[in-house]
Amino acid sequence: MILIRRLWLVPAFFIACVVYYLFLHTGSNVQSPSVSPGGSAPLGKLHWTKHPERYPITDLRSPPAGPIQNIPKIQYDFQLRPESLDEKKTRETRLGVVRDAFIHAWNGYKKHAWGADEVGPISGTARMSFGGWGATLVDTMDTLWIMDLKEDFEQCVEAVKKIDFTTSQEEMINVFETTIRYLGGFLAAYDLSDGRYPALLDKARELGEILYSAFDTPNHMPMARWQWRVTAVGKEIEPSTNTLLAEIGSLSVEFTRLSQVTGDVKYFDVIQRIAETMESAQNQTKIPGLWPTIVNAKALTFDVNHFTMGGMADSTYEYLPKQWMMLGGRDGKYKHMYEEAIEAAKRYLFFRPLVPGGEDLLFSGNAGLTTLETIPISSLEPQGQHLACFVGGMVGIGAKIFGRPDDLPVARRLVDGCLWAYNSMPSGLMPETFHLSACQVGVDPPPPGKCEWTDAKWYEAVWKKNSPTPPRDATPSEMGKKLVDQNRLAVGYTDQGDNRYILRPEAIESIFVLYRITGDKKLQDAAWAMFQRINTATKTSIAHAAVNDVRLPMPEQSDRMESFWLAETLKYFYLIFSEPSVVDLDRWVLNTEAHPLKRPTTT
């Protein structure tokens with residue numbers, strides 16, 4: 001009898017415990033605002049001050065010099081197919097509707113929660129969730145500029161001058177979230193406005209100096225969940241033994257741009273050290289080419305046996321091609337790491353699901369090393385995640401800039417998978433997480449008939465996913481049919497884990513990127529249908545709200561609107577209906593919070 005031992009189940013349980021500690025065991029973070037417009041903290045609080053570094057760096061790495069490489073074009077040449085007058089009218093009408101939705105949500109924030117991190121879209125409550133410095137305000141500035149809402153933009157510029165980043169009501173500062181939302185927001189607003197507002201660069205420099213303190217550790221790896229008060233009183237910090245991959249591997253784009261605009265190479269130095277560590281470890285992990293979801297940043301070990309391009313890891317992979325572009329193609333390690341990672345993902349993470357009609361879709365799942373008798377093999381967990389929908393756009397960009405044309409159809413199949421997930425739900429919205437039945441692991445075509453749909457195949461897959469013991473009084477197919485009814489499973493799903501839609505941007509992000517790459521107007525139509533469903537389900541009298549259960553035609557709303565709704569989701573919906581020259585992907589790199597940063601054009 002063949003014995004398969006799933007060694008990665010124990011690490012998966014460990015990861016669940018870590019996630020609970022990091023994300024859920026935090027108590028309520030809804031409170032009345034105690035900041036003035038612009039985010040100034042109350043008086044009498046502890047303030048960060050610059051102390052002499054315990055572990056000063058003397059051998060600073062500098063950004064690569066020399067001629068910028070000739071990076072292949074990403075965007076389709078839209079002049080090859082000029083739009084008709086009717087097409088232009090339709091596009092501009094859609095653009096206006098998206099802009100109106102943005103203005104509705106933005107005005108709700110301004111009226112009810114100006115200066116706070118978020119607004120409760122149902123209650124109007126101000127929420128402090130990301131340092132208490134006005135996350136929505138800073139996160140939204142570049143969208144205001146792109147949508148030509150310059151008066152509001154300048155109001156934000158005046159407000160951010162008052163933000164005091166040296167103090168916070170929070171005990172812990174998430175370096176990653178602060179970097180992508182605040183630092184990225186300042187840098188993008190500065191770049192888009194061509195440096196006309198020096199206060200934006202001043203704030204970026206101020207925040208960068210503060211965040212740099214999180215890297216003052218023995219090995220110069222950051223304390224990702226930074227106990228800033230410890231630093232503020234001059235005590236020593238150290239990186240965590242349980243650091244999420246995304247939180248250590250997703251700082252490169254912003255810190256590099258900060259070095260470029262300030263001329264201070266120390267910011268590039270600290271993220272380059274992380275990159276060197278990751279490059280060294282990449283082919284030493286349990287699945288070579290991929291890094292595990294959790295990293296021991298103190299010992300610099302990558303031993304955890306869980307791999308994904310979804311939540312907790314996502315933007316580390318996203319930033320490999322983006323950092324390569326931010327450096328003008330002059331540092332080959334980022335290209336090399338991307339190509340190693342994408343080859344492993346195409347083999348071990350990507351899967352074709354069993355779906356009605358046998359559509360040729362792809363999703364990016366999770367994997368871990370198992371043993372088949374005594375032979376180590378990778379085992380796929382066919383989980384879909386909304387967070388992982390960014391992968392299609394990433395693969396599309398990689399296909400263009402790295403000369404990998406065979407990857408472009410892979411990118412489209414990944415985008416089509418996320419579109420299917422939206423269209424499969426009664427609400428027309430994609431759930432946070434779910435499981436499917438993988439009829440083919442990897443991107444190669446399946447054997448004939450393997451991915452052909454039958455109800456019996458689906459029912460049996462549902463039973464296998466949910467029942468650890470063999471059925472006694474019925475066939476697996478009959479038992480699976482009962483489980484479908486009991487668990488309210490939509491057709492094609494074997495399990496529905498988190499049925500919320502929380503206004504996430506990843507699907508429209510990849511649709512936008514693929515549209516700019518291919519010029520395929522069907523993607524614009526798909527985006528419009530998606531936007532209409534989202535707007536209908538989420539709009540409130542104040543703004544837009546997350547929803548609790550996408551399996552319902554009109555889901556119940558919840559009182560949460562994260563800043564990425566204005567910073568990312570509505571920005572991508574706007575950009576897909578904009579002229580292709582607006583945030584041209586051959587001139588800009590969008591960080592993982594959709595903040596456009598200028599690509600270098602000279603040495």
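The domain assignment divides the protein chain of this predicted model into domain 1, residues 103–301, and domain 2, which is made of residues 305–454 together with residues 488–587. The C-alpha centres of domain 1 and domain 2 are 24 Å apart. Across the boundary, 56 residues of domain 1 make contact with 57 residues of domain 2. The size of an interface is often given as the accessible area lost when the parts come together. For domain 1 and domain 2 this area is about 4,600 Å², with carbon and sulfur atoms giving 64% of it. On the domain 1 side, P121, I287 and L290 supply 15% of the area buried against domain 2, more than any other three residues.

The mean pLDDT of the protein chain is 92, and 92% of the residues reach 70 or more. Confidence is highest in helix α19 (residues 564–576), where the mean is 99, and lowest in strand β1 (residues 4–5), where the mean is 32. Two stretches stay under 50. One covers residues 1–14, for which the model has 28 contacts beyond four places in sequence. The other covers residues 20–44, with 50 such contacts. Where pLDDT is low, the predicted coordinates should not be read in detail.

How many residues of helix α3 (residues 135–146) are buried? The count is 12 of the 12, so α3 is largely enclosed by the rest of the structure. After α3 comes D148, which has a positive phi, near 60 degrees.

Within α15, the buried residues are W458, Y459, A461, V462 and W463. These buried residues pack against α16 (476–487) and β16 (493–498).

In an unreviewed entry, UniProt lists E177, D314, E432 and E506 under "active site". E177 is part of helix α5 (residues 175–192). Its relative accessibility is 18%, so E177 counts as buried, the cut-off being under 20%. Apart from residues up to four places away in sequence, E177 touches F130 and Y182.

D314 lies in helix α11 (residues 314–326). Is D314 buried or exposed? With a relative accessible area of 13%, D314 is buried. Beyond four places in sequence, D314 touches A246, M309, L387 and F390.

UniProt also lists T592 under "binding site", again in an unreviewed entry. T592 sits in the loop between β17 (588–590) and β18 (596–598). Although T592 is in a loop, its relative accessibility of 15% means that it counts as buried. Which residues does T592 touch, not counting those up to four places away in sequence? They are F176, I180, S315, E318, Y319 and E568.

K333 is in helix α12 (residues 332–348). Its relative accessible area is 14%, so K333 is buried. Leaving aside neighbours within four places in sequence, K333 is in contact with Q272, A275, E276 and E279.

E247 belongs to helix α8 (residues 245–249). At a relative accessibility of 5%, E247 counts as buried. E247 and V295 are separated by 48 residues in sequence, while their C-alpha atoms are 9.7 Å apart in space.

Key. Residues are numbered from 1 along each chain as its sequence is written. This is a predicted model: local features need pLDDT of at least 70, side-chain atom pairs count only at pLDDT 80 or more; totals for chains, interfaces and linings use all residues. Side-chain values use heavy atoms; hydrogens and water are left out. pLDDT is the predictor's confidence in each residue, from 0 to 100. Helices (H or I, at least four residues) and strands (E, at least two) are DSSP runs, numbered from the N terminus. Contact means heavy atoms within 4.5 Å. Buried means under 20% relative accessible area, exposed over 50%, partly exposed in between (1.4 Å probe, protein chains only). UniProt positions are given in the numbering used here, feature names are shortened, and annotations may be inferred rather than shown by experiment. Domain bounds come from an automatic or database domain assignment. Buried area is the accessible area (1.4 Å probe) that two parts lose on being put together, summed over both.
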